[in-house]
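Visitor: I am new to this structure. Please walk me through a few of its features.

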Amino acid sequence: RYLELAKPYLSAAFFGNDLGTQLSLLISPDSFDEFVLPYLTEIVQGIKAFGLKTAMHSCGSIDLIIPKLIHAGVDILHPLQAKAAGMDAESLAAKYGGQLEFMGGVDTQELLPFGNSRQVKEEVLRLREIFQGKFIVSPSHEALLPNVPFENVMAMSEGAKQM
């Protein structure tokens, strides 16, 4: 019912939950196939029925299941958790470039809280270059924590807007 009412205001619907840790999946790929994928596919199909893109959230190292997410119809993966194993921008762009749009990747574990504004802006520009237009600038987790300096938030925004 929500999608029916909100569709005129949306370009995508966002859903998900964490499927990975810093090093690997929370469950085996076989368990994912049996217990998660059928329901995830049902959610994606329900969103697609309204003509919307699907944006799915999952923190962690989920590279093993990204092909399954693409096959299920996920259009946008959030976040690109930069410090999780196998989730670096170069590898993901090489494997899935053009098949999936990535949202995230501006590291919230080290860069945003402890880097300087120049480093943050350079990283945003680097990520934009790697993903060649298939990238939505966002932190590598779902929120900016209070330890991120305001200057670094503004530098992330400036990098996102730079032509």
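Visitor: Is the crossing of H6 and H7 left-handed or right-handed?

Guide: A crossing is left-handed if the near helix is turned anticlockwise from the far one by less than a right angle, and right-handed if clockwise. Here, H6 and H7 cross in the right-handed sense. On the H6 side, the contact (heavy atoms within 4.5 Å) involves residues including Val120, Val124 and Arg128. On the H7 side, Asn152, Ala155 and Met156 are among them.

Visitor: What am I looking at, and how are things numbered?

Guide: This is a predicted model, where local features need pLDDT of at least 70, side-chain atom pairs count only at pLDDT 80 or more, and totals for chains, interfaces and linings use all residues. Residues are numbered from 1 along each chain as its sequence is written, and side-chain values use heavy atoms, with hydrogens and water left out. Helices (H or I, at least four residues) and strands (E, at least two) are DSSP runs, numbered from the N terminus.

Visitor: At what angle do H6 and H7 pack?

Guide: Axes are lines fitted to C-alpha atoms, for helices over the stretch in contact, and angles run from 0 to 180 degrees between N-to-C directions. H6 (residues 117-131) and H7 (residues 150-161) pack at about 30 degrees, with axes 8 Å apart. The two helices are therefore roughly parallel (angles under 35 degrees).

Visitor: Where is the kink in H2?

Guide: The bend at a residue is the angle between axes fitted to the seven residues ending there and the seven starting there. In H2, a kink of about 50 degrees lies at Val36, shortly before Pro38. Now check the span. The expected value is 1.5 Å times one less than the number of residues. For the 20 residues of H2 (29-48), a straight helix would span 28 Å, but H2 spans only 25 Å between its end C-alpha atoms.

Visitor: Which residues of H2 are buried?

Guide: Buried means under 20% relative accessible area, exposed over 50%, partly exposed in between (1.4 Å probe, protein chains only). In H2 the buried residues are Phe32, Leu37, Leu40, Thr41, Val44 and Ile47. They pack against helices H1 and H3 and strands E1 and E2.

Visitor: Why does Lys48 count as partly exposed?

Guide: Because its relative accessibility is 34%. Lys48 sits in H2. Beyond its neighbours within four places in sequence, Lys48 contacts Thr54, Gly73 and Asp75.

Visitor: Where does Phe50 lie?

Guide: Phe50 is in the loop between H2 and E2. Leaving out residues up to four places away in sequence, Phe50 touches Leu3, Glu4 and Lys7.

Technical notes: Angles under 35 degrees count as roughly parallel, over 145 as roughly antiparallel, 65 to 115 as roughly perpendicular and the rest as oblique.
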